[in-house]
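Trainee: I would like a close look at one residue in this model, and then at what lies around it in the rest of the fold. Please keep it to one connected account.

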Amino acid sequence: MEYKFATKAIHAGQKSDPTTGAVMTPIYQTSTYQQAAPGDHKGYEYSRGTNPTRKALEDCLAALENGKHALAFASGMAATETVLKLLRPGDEVITGDDLYGGSYRIFTKVFAHYGIKFHFVNTSEPAAVQEKINANTRLIWVETPTNPTLKLADIEAIGRIAKTAGVLFAVDNTFASPYLQNPLDLGADIVMHSVTKYIGGHSDVVMGALVMNDKALYDDLFFYYNACGGTPGPQDAFLVLRGIKTLHLRMKAHCENGRQVAEFLRKHPRIEQVYWPGFEDHPGHAVAKKQMRDFGGMVSVVLKDASLAETFRIAGSFKVFTLAESLGGVESLINHPATMTHGSIPKEARERVGVVDSLIRISVGVEDITDLLADLEQALA
Ligand SMILES: *Cc1c(COP(=O)(O)O)cnc(C)c1O
């Protein structure tokens, strides 16, 4: 029987411990496993490859993304890196021009050195992706909604392009979380998550994940996983399993608070522009409505006529919101992309996609909305 999201979040992959009956998955703090005879083991040999706590988490993540297989990594970047290891010199990748800064960095400053070519296009336009397809294209890597300007890519449309071209299609689903969007159902081959964000949800773990359906693809990725060793520890797997149990409750609250913050800011005289896909005049609104269940808790704003100094002053004057990198935790965060999360992207490249000096990104948490709006009001005053 296929259970609903909330039931899967609480139970998928997590059976009571067979030896003690412990209801919560134990932290199997072990690197190795006894074998009855050489090669005769219970499915676990060495924890770089497999660990029971991590396996419970991977099965849960697979269930939440409607996938068959998942791998948990020491970080989102370790997950991304493992997908890129499927490529060979001469291969080409088509990706977005408005990406998480660390993704841009690993593409241009790490894998470009191994002879892989990256094309950065506006993934809001499926035709822009189509245009770059050639015989060397091996991977399409899309983030939606994008970080930080919340542009939408039509996963189904790009999935059709990828399928026709016989190209692997990966979606970074970090901003949406599996509660809001399931790319595998829409034609993606791989879903990538920075588990650090909404899935973990409490800003206390750095972790990444890949989810897929195809067994051969899983085997290829597992080969690099085990060969290279970007493995997370069992304590972190336990913490994420605990966080996931409230993912659906947290996401509902993030979406509701996000909506109220976006609407409040849109009416505020100090604000030039609000990026939030729930607005009917957001260019990606129709795509967001089609492929997401709600609009999420990320809101970005451009301050009106604000210098860098003025932007810094406002960013530093919040009392409930915390000025910090990252997103997706229960607490509200303020981030200045140009100098923080997107500092590794050259100024011209980031300004072309709207990451200007007066842009502030807000990860709306699940505190009481009255306190959040009052804090925004006093910081902007
Ligand atoms: C944070 C983030 C990553 C990187 O994940 P880490 O867990 O920090 O390594 C990748 N993509 C997006 C959209 C992110 O926000």
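Trainee: Where in the chain is the place of Asp 305, given in terms of the elements on either side?

Mentor: Asp 305 sits in the loop between strand E9 (298–303) and helix H12 (308–315). The model is predicted, so read what follows as a description of computed coordinates. The backbone at Asp 305 has a positive phi of about 45°, although the residue is not a glycine. Most residues other than glycine have a negative phi, and most peptide bonds are trans.

The chain also has cis peptide bonds to consider. The bond from Thr 144 to Pro 145 is cis, with omega near -10°. The bond from Asn 147 to Pro 148 is cis as well, with omega near 10°. Pro 145 is placed in the loop between E4 and H6, and Pro 148 lies in the loop between E4 and H6 too.

E10 pairs with strand E11 (residues 333–335) in the parallel sense, over two bridges. Within that pair, Leu 323 has Ile 334 of E11 as its bridge partner. Strands of a sheet pair through backbone hydrogen bonds, either parallel or antiparallel.

The other sheet is open too, with seven strands in the order E1-E7-E6-E5-E4-E2-E3 and mixed pairing. Strands E1 (69–73) and E3 (117–121) stand at its edges with a single partner strand each, so one side of each is left without a neighbour in the sheet. From one strand to the next the twist averages 20°. Strand E4 (residues 137–143) and strand E5 (residues 168–172) run parallel and are joined by five bridges. In this pair, Trp 141 has Ala 170 of E5 as its bridge partner. Helix H3 packs on the sheet, where it touches E1, E3, E4, E6 and strand E7 (208–212). The direction of H3 makes about 155° with that of E6. Helix H6 (residues 155–165) packs on the sheet as well, touching E4 and E5, and its direction makes about 155° with that of E5.

H3 and E6 lead on to the ligand. Helix H3 (76–84) and strand E6 (190–194) each supply at least two residues of the shell around the ligand. In all, 14 residues surround the ligand, and the closest are Gly 76, Asp 172, Ser 194, Thr 196 and Lys 197. By type, the shell divides into five nonpolar, six polar and three charged residues.

An N or O atom in the side chain of Thr 196 is 2.7 Å from a ligand oxygen atom. For Lys 197, a side-chain N or O atom is 2.7 Å from an oxygen atom of the ligand. The ligand taken alone exposes 370 Å², and the protein buries 93% of that.

Methods:
Residues are numbered from 1 along each chain as its sequence is written. This is a predicted model: local features need pLDDT of at least 70, side-chain atom pairs count only at pLDDT 80 or more; totals for chains, interfaces and linings use all residues. Side-chain values use heavy atoms; hydrogens and water are left out. A residue is near a molecule or strand if one of its heavy atoms lies within 4 Å of it. A polar contact is a pair of N or O atoms within 3.5 Å; within protein, one must be able to donate a hydrogen and the other to accept it, and residues adjacent in sequence count only if both atoms are side-chain atoms. Accessible areas come from the Shrake-Rupley method with a 1.4 Å probe; for residues, only the protein chains shown count as cover. Helices (H or I, at least four residues) and strands (E, at least two) are DSSP runs, numbered from the N terminus. Ala, Val, Leu, Ile, Met, Phe, Trp, Tyr, Cys and Pro count as nonpolar, Asp, Glu, Lys and Arg as charged, and the others, Gly among them, as polar. Two strands pair if DSSP finds at least two bridges between them. Axes are lines fitted to C-alpha atoms, for helices over the stretch in contact, and angles run from 0 to 180 degrees between N-to-C directions. Contact means heavy atoms within 4.5 Å.
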